[in-house]
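Subject: Structure handover

Hello,

Here is the structure I promised to pass on. Please keep it open while you read the notes below.

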Amino acid sequence: KKIGLHEIRKEFFDFFREKEHLVAPSFSLVPQNDKSLLLIGAGMAPLKKYFTGEQTPPNKRMATCQKCIRTGDIDNVGKTDRHATFFEMLGNFSFGDYFKKEATAWAWEFLTERMEIDKEDLWVTIYLEDDEAFEIWNKEVGVPSERIVRLGKEDNFWELEVGPSGPCSEIYVDRGEKHGCGSPNCKPGCECDRFIEVWNLVFTQFDKDENGVYHPLPNPNIDTGMGLERITCVMEETKTIFDTEAVKEIRRKVEEIAKVIYGNDPKKDISIRVITDHSRAMTFLVSDGVLPSNEGRGYVLRRLIRRAARHGKLLGIEEAFLSQVVDVVINSWQIEYSELKTREDQIKKIIKAEEDKFQETIHQGISILEEYINEMKLSNETILSGEKAFKLYDTYGFPLDLTKEILEEKNLKVDEEEFNINMEEQRNRARKARDEGDSGWSTGSDQDIFKGLDTIFRGYEKTNIVAEIT
Ligand code: ATP
Ligand code: MG
Ligand code: MG
Ligand code: MG
């Protein structure tokens, strides 16, 4: 079936609306009233209070398409076919309403009937002790046992320190040997990209206490997450999530600016995909009120912008260019996120300013780091002193991670401990110099720049069930 990213989002909403779900627009990437998280990385994160029972949900069944940032995946971006730091997660949720049976049956129905994916290409994984899930998949849904894989806790059990937890079941699409690692043992859960995980169903049926004891919940919950880019990649049969029609528009812009043809040089292709991804991430972060800084969310943003700028240099782009790429992101994604358009000027201005700042020193910084690397090679050292890394940070604006990354490309490391000592000393000096220790970043200031523009449920007017959300 031929269907693109924005249409899939819509079909997902329609499908779950038919199943009596309240469809709510994405929450901000910046967690609201939740100090435990830096950024939202899953559809369930902003709904946590409904799962714990701290708050009553507006409806027992909800569905969202949530903007997500996962900096933990940053090193995979551009290298695997399936990882981005920014992506949209489709999800349906049950707060003590329906459970395993419905969640599995509906996921299957959506994939095989609405998306018309061939049943033979679908595999599922379950938590190894979850016989109930096996029975449902096998007997009720009709998945042959050869295509149900039992995996351990690391893969298929969702939990935090305490609170709601439970087994998961993931749905994979077999994209065929051409995407695989070639190993005869290749199956779902393999690190290669043949079996691509599209949907994770979490069956939160336990409440874990301080002693690690799991108490069955009287009204278990359902939390699911499906990567919109991944399902699009499957539907469009593209190699990576960056080759899907919607995302490709961004990629093409990068190619155009860099005057590089995609697909000729694997290293350059990685840089192109990194810039494509990071441009999306930075656009949405700034749109949600995050400003570049040296700490917290601001640091995540700064790192993404500078990392993208550096990959631009690797492609031979001389001038500041990110706002041109951001332009494509805004124009394509305003369909769903109209605030991108209303905040367009601010978004571009903030990103441009950060890129310009880095632009002034990046060349110098890179050549100094190269000098350091040469010195290290000559003296057979493999660890860059923390003091030097700090100088790069302090004088040339190199986030530590960027220095680390460039060194890692040459199998070298940095003395992070020493770096941190230098950092701490500088902080102390700065603190002394000011009466009040304001680092320039605080939860408040991050969220305040678009004060009044962010509502928890964005775009009330868009859904017709809005009256129910209060
Ligand atoms: P993987 O094993 O491929 O890294 P995951 O198990 O870490 O994925 P989940 O935490 O289960 O992912 O998230 C739910 C869904 O979100 C996944 O099934 C996938 O479709 C999507 N997803 C997760 N991480 C990413 C990412 N970095 N980029 C794009 N989509 C993602
Ligand atoms: Mg992952
Ligand atoms: Mg996984
Ligand atoms: Mg998963």
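I start with helix α12, residues 344–378, where 35 residues at 1.5 Å a residue should span 51 Å, and the end C-alpha atoms are 49 Å apart, which agrees. The expected span is 1.5 Å times one less than the number of residues in the helix. Helices (H or I, at least four residues) and strands (E, at least two) are DSSP runs, numbered from the N terminus.

Some ground rules. This is a predicted model, in which local features need pLDDT of at least 70 and side-chain atom pairs count only at pLDDT 80 or more, while totals for chains, interfaces and linings use all residues. Residues are numbered from 1 along each chain as its sequence is written, chains are lettered from A and ligands numbered from 1 in the order in which they are written, and side-chain values use heavy atoms, with hydrogens and water left out.

Back to the helix. α12 has a kink of about 45°, centred on Thr361; the bend at a residue is the angle between axes fitted to the seven residues ending there and the seven starting there. After α12 comes Asn380, with a positive phi near 55°.

Next, the domains. The chain is divided into domain 1 (5–235) and domain 2 (244–432), with bounds that come from an automatic or database domain assignment. Their centres, taken over C-alpha atoms, are 31 Å apart. In the contact between them (heavy atoms within 4.5 Å), 29 residues come from domain 1 and 25 residues from domain 2.

Then the cores. A nonpolar core is a set of buried Ala, Val, Leu, Ile, Met, Phe, Trp, Tyr and Cys residues joined through side-chain atoms within 4.5 Å. Buried means under 20% relative accessible area, exposed over 50%, and partly exposed in between (1.4 Å probe, protein chains only). The largest nonpolar core has 92 residues, of which Trp137, Ile171, Trp199 and Trp333 touch the most other members. Helix α8 (residues 266–287) gives the most to this core, eight residues. Domain 1 and domain 2 each supply at least three residues to this core. A second, separate core has 23 residues, including Phe358, Leu369, Ile406 and Val414.

What does Trp199 touch, not counting residues up to four places away in sequence? Among its contacts are Phe12, Phe16, Phe110, Glu170, Ile171 and Met226.

Now strand β4 (residues 122–127), where six of six residues are buried. Leu122, Val124 and Ile126 are on one side of β4, Trp123, Thr125 and Tyr127 are on the other, and both faces are covered. Two strands pair if DSSP finds at least two bridges between them. β4 runs antiparallel to strand β7 (residues 163–174), with five bridges, and Trp123 has Tyr172 in β7 as its bridge partner. With strand β5 (residues 148–151), β4 pairs in the parallel sense over four bridges; here the bridge partner of Ile126 is Arg150.

Last, two single residues. Glu120 sits in the loop between α3 (100–114) and β4, and counts as exposed because its relative accessibility is 54%.

Regards
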